[in-house]
Amino acid sequence: MANPQGTHIWYELLTSDRDAAVKFYEDVIGWTTAEFPGGHGGYIVASAGADGAAGIMTNPAPTPPVWLGYIGVDDVDASAEKIKALGGSVHFGPADIPDVGRFALVEDPQGVKFNIMRGFSPEDSKAWNRTGLGHCCWNELTTTDQVAALDFYGEMFGWRKDGAMPMGEQGDYTFLSDGEGMIGAVMNRQGPEQPAMWNYYFRIPDLDAALAKVRADGGKVHYEPMEVPGGERVSFCQDPQGAVFGLVEPAR
């Protein structure tokens, strides 16, 4: 993939019930889905219109269902070594996925997992799209040390602070930019019971209708719709298998 270094290029759900998860997200987000050509262990590609938006697969590890992101890099091996030098770790790889790309599952110094990848295709990934319906439109990091996390991701990918919104005792909600535009935010976790992790928000046309589907299909709504600066409405949910995700409705 020709996406610039530090671009989010893919989102992947590791789940305990692939088929049930596919039906849930088709209904809630409106994705169309198909098995990836060649099988790849029953890997499902979810699309928003003509664009691939995410993957869904059975979790190969005995860990809870989770959404993980892929950040594009120019050199996976060199990036994995740099992550270790900056205090992070490598859980798997670097390794090749036949006909797809080279990747590694890594962890930042605060213990948050994500993937790095260099795709073999010359085509750009369109999974990340700040305004596209059905796409991930916001990448939110909940961490144990916001300052250290900003330093790490800035050194690794060139991301920079792009303003902040005070949240009282919780500290700032710090916006992230990759140099081309805002891509998400970083916040301190609210307590030891809240996991440090990346949270991904997907854009849908009608938040109230989507939340009704979340509930009807066996998911949970963790907080009711709230309006954020700019007029968008957001909510945070959990699918029936336990993976958390966010939803965003465009400003009216």
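Author: The side chains of Asp239 and Tyr25 are joined by a polar contact of 2.7 Å. A polar contact is a pair of N or O atoms within 3.5 Å; within protein, one must be able to donate a hydrogen and the other to accept it, and residues adjacent in sequence count only if both atoms are side-chain atoms. The model is predicted: local features need pLDDT of at least 70, side-chain atom pairs count only at pLDDT 80 or more, and totals for chains, interfaces and linings use all residues. Residues are numbered from 1 along each chain as its sequence is written, and side-chain values use heavy atoms, with hydrogens and water left out.

Reader: Where does Asp239 lie?

Author: Asp239 is in the loop between strand E15 (233–238) and strand E16 (244–249). Helices (H or I, at least four residues) and strands (E, at least two) are DSSP runs, numbered from the N terminus.

Reader: Which backbone nitrogen does the side chain of Asp239 reach?

Author: That of Gln241, at 2.9 Å.

Reader: And which residues is Asp239 in contact with, leaving aside neighbours within four places in sequence?

Author: Leu13, Phe24, Tyr25, Gly219 and Phe245. Contact means heavy atoms within 4.5 Å.

Reader: Is Asp239 buried or exposed?

Author: Asp239 is buried and has no salt bridge. The nearest side chain of opposite charge is Lys220, 9.9 Å away. Buried means under 20% relative accessible area, exposed over 50%, and partly exposed in between (1.4 Å probe, protein chains only). For charge, Lys and Arg count as positive and Asp and Glu as negative, while His and the chain ends are not counted. A salt bridge is a side-chain nitrogen of Lys or Arg within 4 Å of a carboxyl oxygen of Asp or Glu.

Reader: How many salt bridges are there in the whole structure?

Author: A search finds 13. Among them, Glu249 pairs with Arg252, with the closest N and O atoms 3.0 Å apart. Glu249 is buried at 1% relative accessible area, whereas Arg252 is exposed at 77%. Asp208, Arg233, Glu249 and Arg252 are linked in a network of salt bridges.

Reader: What about Lys84 and Glu81?

Author: Their side chains form a salt bridge of 3.1 Å, N to O. Both residues lie in helix H2 (residues 76–85), 3 residues apart, which is about one turn of the helix. Lys84 is partly exposed at 41%, and Glu81 is partly exposed at 48% relative accessibility.

Reader: Changing topic: what volume does the largest pocket have?

Author: About 1,300 Å³. On a 1 Å grid over the protein atoms alone, a pocket is an open set of points with protein on both sides within 12 Å along at least five of seven lines, and lining residues have an atom within 4 Å of a point. Grid points are joined across faces, edges and corners, and a volume is the space filled by probe spheres set on the points.

Reader: Which residues lie nearest the centre of the largest pocket?

Author: Of the 45 lining residues, Trp10, Glu12, Tyr43, Tyr70 and Asn115 lie nearest the centre. Elements that give two or more residues to the lining include strand E1 (8–15), strand E5 (66–72) and strand E8 (113–119).

Reader: Which residues does the cis peptide bond join?

Author: Gly93 and Pro94, with omega about 5 degrees. Pro94 is found in strand E6. Asp99 lies in the loop between E6 and E7; phi of Asp99 is near 70 degrees, a positive value in a residue other than glycine. Most residues other than glycine have a negative phi, and most peptide bonds are trans.

Key
1 Å grid on protein atoms, 1.4 Å probe; cavity = no way out; pocket = protein on both sides within 12 Å on 5 of 7 lines; lining within 4 Å.
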